[in-house]
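Okay, hi everyone, let's get going.

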Amino acid sequence: MALLDRALVRLLPAVPKPVVQRLSSRYIAGPTLDDAIRVVRKLNAKGKLATIDVLGEDVTTPDEARAIAGQYHDVLARIDEEQLDSNISVKLTGLGLELDYDLCRENLEAVVGDAAARGNFVRIDMEDSSTTDRTLQLYREVHAEGSGNLGVVLQAYLRRTVADVPGLDNVRLCKGIYVESPEIAFREFEAVRANFLRSLEALIAQGSYVGIATHDEYLIRESLRIVHEAGLPHDRYEFQMLLGVRPERADELVADGHRLRVYVPYGSHWYEYSVRRLQENPKMAGYIASDLFGRVFGR
Ligand code: FDA
């Protein structure tokens, strides 16, 4: 993104919430579970799999964390009732990681147990680097008890990522979205790409199931080359994209016979997620400029 565009995109938090809501509607299913179910039904009809995420990032009490876990039980029940092809994605801070490790573990075990009883799967999203060790530890502990229906995420921008690969049998690999210091994270675009591909090769070499989560055309092409050269059958990997981002490319991957999963967030806590997505959108600077100028000139 050009310098001026980046400066405009930084203005996004100053844009009024209703405008952000309008611009971000393509990235969020809506405020309710019904909205998420409607979106997943449409995706499934187009041959796309889904993963449902309840937006609820800042929990401050144990009851709030239990309430998020409760919402995931509702999500699992609806997926089951409606026979949808969707799993779920959880954030450990949403389940209480910052309040109490044991509380978070209890909530995670309950959700994973419910999913296992319904033949479903739980993916733990990866948050900022202050949570990486605890996330991997909790993942390993709960995974060791269970029926293999739990997976985790690795972020290619972290320098440690290739070293985290051993022993992980089901991983979503993404670039990483949080702001991290150069001591622990690659900052240069090409270095993140290179680490993504190194990590993908390491995961495939040890036989992990991989969710290749990117919209970056270079990484999609290189990943296709790597899975092809490894002779990986189509049921040993999947591509993953965010709702509203590059849906036509997702259609092409489905048409070519690849598994493709769309991340479907819903819930009343839509604002922070929306700002992150909008800040990544290359067209965003234009939207902001047009909104600001529109208001300045009284449109
Ligand atoms: P990049 O940002 O370079 O985007 C490549 C191209 O995609 C852009 O040039 C543009 O064309 C298009 N594009 C990207 N974003 C767009 C947008 N918002 N609007 C329009 N076009 C857009 N991160 C994390 O830290 N923890 C996690 O658990 C997850 N989970 C996760 C799940 C899934 C399914 C995906 C796809 C991504 C995540 N992420 C994540 C986010 C991830 O780390 C990363 O920030 C984004 O995917 C953007 O990186 P790309 O690889 O898409 O490349």
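Before I show you any contacts, one term: a polar contact here is a pair of N or O atoms within 3.5 Å. And please keep in mind that this is a predicted model.

With that in hand, take Gln155: an N or O atom in its side chain is 2.9 Å from an oxygen atom of the ligand. Glu280 does something along those lines, with a side-chain N or O atom 2.9 Å from a ligand oxygen. Then there's His215, where a polar side-chain atom lies 2.7 Å from an oxygen atom of the ligand.

So how much of the ligand's accessible area does the protein cover? On its own the ligand has 940 Å² of accessible area, and the protein covers 85% of that. As for where we are, the ligand sits in the largest pocket.

Now, who's around it? There are 26 residues around the ligand, and the ones that come nearest are Met126, Lys175, Gly176, Thr214 and His215. By type, that shell splits into 13 nonpolar, 6 polar and 7 charged residues.

Which elements give two or more residues to the shell? Those are strand 4 (150–155), strand 5 (170–174), strand 7 (237–242) and helix 11 (271–280). Strand 7 provides the largest share, with 3 residues.

Last stop, helix 11. It's mostly covered, with 7 of its 10 residues buried. Among those buried ones you'll find Tyr271, Tyr273, Arg276 and Arg277.

Terms used. Residues numbered from 1 in each chain as written. Predicted model: local features only at pLDDT ≥ 70, side-chain atom pairs only at ≥ 80, totals over all residues. Heavy atoms only, no water. Near = heavy atom within 4 Å. Polar contact = N/O pair within 3.5 Å; in protein donor to acceptor, adjacent residues only side chain to side chain. Areas by Shrake-Rupley, 256 points an atom, 1.4 Å probe, with all protein chains shown as cover. 1 Å grid on protein atoms, 1.4 Å probe; cavity = no way out; pocket = protein on both sides within 12 Å on 5 of 7 lines; lining within 4 Å. Sits in = over half its atoms within 2 Å of the grid points. Helix = DSSP H or I, 4+ residues; strand = E, 2+ residues; numbered from the N terminus. Nonpolar A, V, L, I, M, F, W, Y, C, P; charged D, E, K, R; others polar. Buried < 20%, exposed > 50% of the residue type's maximum accessible area, 1.4 Å probe, protein only.
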